[in-house]
Amino acid sequence: MILRNVAIRHGRKALSAPLRKSFLRTLTNDTISAETHSVERSIENQLKQTHSIEANINQLHLTDSFVPPTLASEASEAVLSNHEHKRHLKKRTGKLGSVVEKHYEPQQLVLNPPRPEDVTLELLMASQSHLGHATSLWNPANQRYIFGIRQGVHIISLEETAAHLRRAAKVVEGVAYHGGLILFVGTRAGQTSCVVKAAEMAKGCHLFEKWIPGSITNGDQILVKCNIKVVDKDDVDISSGYTKKLEEWKALKPDLVVCLNPLENYIMLHECGLNNIPTIGVIDTDADPTWVTYPIPANDDSLRCVQVIAGVLGRAGQSGQAKRLEAAAKGQVTWQPPEGLGSPEPDKKTQREASETNSLIDPRGTLDPRMSLNALTPEAQIAKPNPIIREEIPGEL
Amino acid sequence: MKGSWLPISLRETLQCAYSPRPLTSCRQQALNIRPRQFTTASRKQAIAAPEINFRDRRDRDPGRGGWEREREIGYQGGGEEQSAFVARLLPVSPSYFTAQPLFTDDFLVLQNLMTKHSGLPCVKPGEHPRVAWRSLSEYRDRVGETVKAAKYHKIVEILVRLNKIHPSVRPEEVQTALDQYKRNIDPFKNEQKTAQVDSLGRTLGAGRRKSATARAWLVEGTGEVLVNGKSLADAFGRVHDRESVIWALKATNRIDKYNVWALSMGGGTTGQAEALTLAVGKALMAHEPALKPALRRAGCLTRDPKRVERKKPGHVKARKMPAWVKR
């Protein structure tokens, strides 16, 4: 709209009316705005009050009805049925499809390790046992185990590895056969499972954490808390007859130590050397083969290689133990008892019974005092009726 | 309990004191070890090869060779000589050379359980049952070995993982293993006891601050306060302390609605006054549970855990250092 034409278009009305109206409005508006302001204020106040009350109530409500998180119980049946269904499906369809030929399953080397007769150059190659260290890191004492150099890395001769591994397996088997205590040591990360498995198979001991220096040379101090037991030729625990001797017996020492990482366990190998304990060790190209009695030149940085070696030695120990028990079943004892262990002391009951039999059977009392001890063995029990037997079979009396 | 830093005579005593096993199984060390300390091997052990037993040569079977040639000892070997009883010594646990056989065995058992049952379904994060595991000292007492905290933490980590297996599919062996490491008391089931109004209309609240303790009985009344039998003005000289005592009532506008009868002991005036704040606040909350948020905001329900800081060696007080002297 053009302002200069306003007066022409609307005449007097257009010029006067808005002025009057606005004047009136200003007069009236003043009181109204004051009123609305006060009303608004009061409403605000009311709202604030209600808000604060609500907040209070809400807070109370929350603290009262707060329930700590618990198990969703309604889902438990669903979880169970889902799990059962999954197992069922896996069982039914797990063997369908193509068969994968010859592949590496990491856990199989631990669960089902190879035997000494399964050791082939292919297996050793597949498990990376030929890889040595960079040529600058080598120990020249390993020269005869080294096949050559490839890309600046020494390659270990697999024939040497296999031969030395088989020899070590023979040693482990022999020690196990002769009732020796074999200690498997692998203190690097990841070696726990194979070390424990090998010790379990060879019925030996395992060590997968730091070797406590002095465990052999100062075992009487360090291994005080570790209990020992007495077993007979069939590996049956007969500690009850030796309680007094066991209390005072000095700490045991291993008869053979298998070390999977000799570089980190120099102190242990040194202690073994001081005590004439033979050692078997995995010697990489940077290790010193003179630290151990029976070196196995192989890659000690590869877990797969270490698992193969520990598994083979564990299997060897297993077969040695089996042969020993087989011989024991035939009555042959393949080991010598430790010096000073002697015969078990008779428990009081047996002693009393023995004295009674003495008085009954042999009034002169010339019965061999060892008779009551021999009575513990099956042969003696068959040979001579004995009060123990009578006690065990009440029907006889 | 290794205690290798102790003299031998003390060491044995401590071993016996700390060992949970009977004394007989603690092998006697103190008396026997002394003469043996100078040599690690007996004379027989120093000889590389065992002595040749010529009786073996007679019995030798020409068909066998090498180590397969058994030496026959015992009853089968013939009774021409005194037959020895055959027995040999073995460690009870395969973890013998770890010097912590019980701990290592426990660890391996749990680890085996974890790998065996790793495929089982787990509960949603945060929904697993809350469990208080045995503390390190409790575990040490049980096995009687010096187990480091970091090593026990490995066990606890496995337990936490096993605890996440869904309860509906959790195997029996896992549950028994978990139960072995649970504390006898479940602190998470502990419900706080709420104070009640007794038959005479009283409520009792207890509070502590610094080394002071206080008990306050609250009854509906006209706003009288007695602390240790004295009026508020007699009991506390400072105005601030007087205000502290009735702060719970003041903050909730209830000074003239309740009577307070309180006992306080130990500590100083500030400690007693603020212990009373807590005691009166708790007692008031028993009367009117709806006041809890207001009391919480007023700081009448929170125990102040600050204590006197201990004095340190090399310091004059807790932190004050001796004055620096040039020489």
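**Exercise 1.** In which helix of chain A is A:Gln321 found? Describe its burial and its contacts.

*Solution.* The model is predicted; local features need pLDDT of at least 70, side-chain atom pairs count only at pLDDT 80 or more, and totals for chains, interfaces and linings use all residues. Residues are numbered from 1 along each chain as its sequence is written, chains are lettered from A and ligands numbered from 1 in the order in which they are written, and side-chain values use heavy atoms, with hydrogens and water left out.

Step 1. A:Gln321 lies in helix α10 of chain A. Helices (H or I, at least four residues) and strands (E, at least two) are DSSP runs, numbered from the N terminus.

Step 2. With a relative accessibility of 5%, A:Gln321 counts as buried. Buried means under 20% relative accessible area, exposed over 50%, and partly exposed in between (1.4 Å probe, protein chains only).

Step 3. Neighbours within four places in sequence are left aside; A:Gln321 is then in contact with A:Ala176, A:Ala202 and A:Lys203. Contact means heavy atoms within 4.5 Å.

**Exercise 2.** Place A:Ala327 in the chain and list what it touches.

*Solution.* 

Step 1. A:Ala327 is in helix α10 of chain A, and its relative accessible area of 6% makes it buried.

Step 2. Not counting residues up to four places away in sequence, A:Ala327 touches A:Tyr177, A:Gln332 and A:Thr334.

Step 3. A separation of 9.4 Å lies between the C-alpha atoms of A:Ala327 and A:Asp234, which are 93 residues apart along the chain.

**Exercise 3.** Describe how α6(A) packs on α10(A).

*Solution.* 

Step 1. Two packed helices are described by the angle between their axes and the distance between the axes. Axes are lines fitted to C-alpha atoms, for helices over the stretch in contact, and angles run from 0 to 180 degrees between N-to-C directions.

Step 2. For helix α6 (residues 192-201) and helix α10 (residues 303-329) of chain A, the axes come within 7 Å and cross at roughly 10 degrees. α6(A) is therefore roughly parallel to α10(A). Angles under 35 degrees count as roughly parallel, over 145 as roughly antiparallel, 65 to 115 as roughly perpendicular and the rest as oblique.

Step 3. From α6(A), the residues A:Ser193, A:Cys194, A:Ala198 and A:Met201 meet α10(A) residues including A:Val306, A:Ala310, A:Gly314 and A:Gln318. By class, this contact of α6(A) with α10(A) has 5 nonpolar, 6 polar and 1 charged residues. Ala, Val, Leu, Ile, Met, Phe, Trp, Tyr, Cys and Pro count as nonpolar, Asp, Glu, Lys and Arg as charged, and the others, Gly among them, as polar.

**Exercise 4.** Locate A:Asp235 and B:Ala99, and state their phi values and accessibility.

*Solution.* 

Step 1. A:Asp235, a residue other than glycine, has a positive phi near 65 degrees. It is found in the loop between β6 (228-231) and α8 (243-248) of chain A. A:Asp235 is partly exposed, with a relative accessible area of 23%.

Step 2. B:Ala99 is not a glycine, yet its phi is positive at about 70 degrees. The loop between β1 (88-91) and α5 of chain B holds B:Ala99, which counts as buried at 10% relative accessibility.
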